[in-house]
Amino acid sequence: MLTRKQHELLLFIDSYLGQTGFSPSFDEMKDALGLKSKSGIHRLISALEERGFIQRRHNRARALEVLRLPEPVQLSPAASSSPLNVIKGDFSQRLAGVKTGEAAASMSLPLYGRIAAGLPIEALHDHSEQVEVPMALLGQGEHYALEVAGDSMIEAGILDGDTVIIRREDNAENGQIVVALIDDAEVTLKRLRKKGNTVALEAANSAYETRIVPAERLKIQGRLVGLLRTYH
């Protein structure tokens, strides 16, 4: 038996391992599940470890191994009295667009195009292109995908040509990576730092300088929640 959050974390870890070859950080897991602190992630990981779904490789940093996936997740005896905490493993009805059957673990998102100067997100809308995204990368809310252009975020593991998954939001916390629209004209993917009446947009590449703009000139159009990479 697994709780909803345990199941979501297990799927996220498994998907992340499959895409990157290493386990996600606690911050990434916290953000993916929409939790406010990392202590909740520690508890979820301990519970999954106790139930035999994952194990920690204590001699390696950020090393989690998925031992098995629920097939399907069994309901807890308390499920009838706590339906919001423990549910069956098929979450396909939780998000619009999620496919059922063999593709139940993914959903289609609009791929709006490359993040490029001079074009707001709205100008990039092209609903003819879609991208399949593992459901474990998504939470509540509206999401879209963008293709990354350039190397300004390589030290955050975001490379030229990657597809980033963005949760549409108009606000973000310090340190989060966001899609920022400057002067209603220029779009960029950067780490956000609020400093009084100004906002610092930090690159993750020492070759690039931090950009400071007045807060009133900047609009947040979403927050990074996932990344897809294809190897050719």
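**Reading the labels in this predicted model**

Me: Where is Ser152 placed in this predicted model?

Reply: Ser152 sits in the loop between strand S5 (143-147) and strand S6 (163-167), in a model that is predicted.

Me: What makes Ser152 count as buried?

Reply: Its relative accessibility is 13%, and buried means under 20% relative accessible area, so Ser152 counts as buried. Leaving aside residues up to four places away in sequence, Ser152 touches Leu189, Lys190, Ala203, Ala204, Asn205 and Tyr208.

Me: Which residues does UniProt give as "active site", and how do you know that they gather at one spot?

Reply: The UniProt record, an unreviewed entry, places that feature at Ser152 and Lys190. They span 39 residues in sequence, yet no two of their C-alpha atoms are more than 8.2 Å apart, and therefore they gather at one spot. Such an annotation may be inferred rather than shown by experiment.

Me: Why is H1 called roughly perpendicular to H3?

Reply: The axes of helix H1 (residues 4-20) and helix H3 (residues 39-50) come within 10 Å and cross at roughly 85 degrees. Angles of 65 to 115 degrees count as roughly perpendicular, so that is the term for H1 against H3. On the H1 side the contact is made by Lys5, Gln6, Leu9 and Leu10, and on the H3 side by Ile41, Leu44, Ile45, Ala47 and Leu48; these residues divide into 7 nonpolar, 1 polar and 1 charged.

Me: What is known of the span of H1, and which of its residues are buried?

Reply: H1 has 17 residues and reaches 24 Å from its first C-alpha to its last, which is close to the 24 Å expected at 1.5 Å a residue. Its buried residues are Gln6, His7, Glu8, Leu9, Leu10, Phe12, Ile13, Ser15 and Tyr16, and the buried residues of H1 pack against helix H2 (26-33), H3, strand S1 (54-56), strand S2 (64-66) and strand S4 (130-134). After H1 comes Gly21, with a positive phi near 90 degrees.

Me: How do you know that Gly40 is buried?

Reply: Gly40, which lies in helix H3, has a relative accessible area of 12%; the cut-off for buried is under 20%, so Gly40 is buried. Although Gly40 and Lys5 are 35 residues apart in sequence, their C-alpha atoms are 9.7 Å apart in space.

Me: What does the UniProt annotation "DNA-binding region" cover?

Reply: In the unreviewed UniProt entry the annotation covers residues 26-46, a span that is 76% helix and 0% strand, with its end C-alpha atoms 13 Å apart.

Conventions: Residues are numbered from 1 along each chain as its sequence is written. This is a predicted model: local features need pLDDT of at least 70, side-chain atom pairs count only at pLDDT 80 or more; totals for chains, interfaces and linings use all residues. Side-chain values use heavy atoms; hydrogens and water are left out. Axes are lines fitted to C-alpha atoms, for helices over the stretch in contact, and angles run from 0 to 180 degrees between N-to-C directions. Helices (H or I, at least four residues) and strands (E, at least two) are DSSP runs, numbered from the N terminus. Angles under 35 degrees count as roughly parallel, over 145 as roughly antiparallel, 65 to 115 as roughly perpendicular and the rest as oblique. Contact means heavy atoms within 4.5 Å. Ala, Val, Leu, Ile, Met, Phe, Trp, Tyr, Cys and Pro count as nonpolar, Asp, Glu, Lys and Arg as charged, and the others, Gly among them, as polar. Buried means under 20% relative accessible area, exposed over 50%, partly exposed in between (1.4 Å probe, protein chains only). The expected span of a helix is 1.5 Å times one less than its number of residues.
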